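Thanks for coming, everyone. Please look at the sequence and the model on the screen, and we will start with the charged contacts.

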Amino acid sequence: MKFSGFRVFAEALKGNTGWRPLWRNPEPKSDYDYVVVGGGGHGLATAYYLAKTYRQSRIAVLEKGWLGSGN
């Protein structure tokens, strides 16, 4: 999907009905090493820190809204 200022403006006028999802919707795993509650800036930073510093790959981030919505 190509993004441009015109496309963003046009989609805003149409009620944002032309965007397609840009993320996958995977099935949850049976277990995780860490579960981060809250997908705002601090929750995402915590998940990133765990993945980078401790080389953890089984991290779940739970958010009731959209990711990054806490900031």
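The count of salt bridges here comes to 4. A salt bridge means a side-chain nitrogen of Lys or Arg within 4 Å of a carboxyl oxygen of Asp or Glu. Before the details, a word on the source. This is a predicted model, where local features need pLDDT of at least 70 and side-chain atom pairs count only at pLDDT 80 or more, while totals for chains, interfaces and linings use all residues. Residues are numbered from 1 along each chain as its sequence is written, and side-chain values use heavy atoms, with hydrogens and water left out.

Start with Arg7 and Glu11. Their side chains meet in a salt bridge, 3.4 Å from N to O. How many residues apart are they in helix α1? They are 4 apart, which means about one helical turn separates Arg7 from Glu11. Helices are DSSP runs of H or I with at least four residues, strands are runs of E with at least two, and both are numbered from the N terminus.

Is Glu11 buried or exposed? Glu11 is buried, at 2% relative accessible area. Arg7 is partly exposed, at 23%. The cut-offs: buried is under 20% relative accessible area, exposed is over 50%, and partly exposed is in between, with a 1.4 Å probe and protein chains only.

Glu11 also forms a salt bridge with Lys14, with the closest N and O atoms 3.3 Å apart.

Next pair: Asp31 and Arg58. Their closest N and O atoms are 3.6 Å apart, and they form a salt bridge. Asp31 sits in the loop between α1 and β1, and Arg58 in the loop between α2 and β2 (59–62), so this pair ties together parts 27 residues apart in sequence. Asp31 is partly exposed, with 39% relative accessible area. Arg58 is partly exposed as well, with 32%. Back to shared partners: salt bridges join Arg7, Glu11 and Lys14 into one network.

Now the loop between α1 (5–13) and β1 again. Glu27 is placed there. Glu27 is exposed, at 68% relative accessibility. From Glu27 to Ala45 is 18 residues in sequence and 23 Å in space, C-alpha to C-alpha.

On to Gly41. Gly41 belongs to helix α2, residues 41–53. Gly41 is partly exposed, at 27% relative accessibility. What separates the C-alpha atoms of Gly41 and Gly68? A distance of 5.7 Å, although the two are 27 residues apart along the chain.

Next, the surface. Tyr32, Val35, Val37 and Leu62 form a nonpolar patch, with about 380 Å² of accessible area together. One of them, Val37, lies in strand β1, residues 34–37. Val37 is exposed, at 72% relative accessible area. In a patch, residues have over 30% relative accessible area and no salt bridge; like charges are joined within 9 Å, and nonpolar side chains (Val, Leu, Ile, Met, Phe, Trp, Tyr) within 5 Å. Accessible areas come from the Shrake-Rupley method with a 1.4 Å probe, and for residues only the protein chains shown count as cover.
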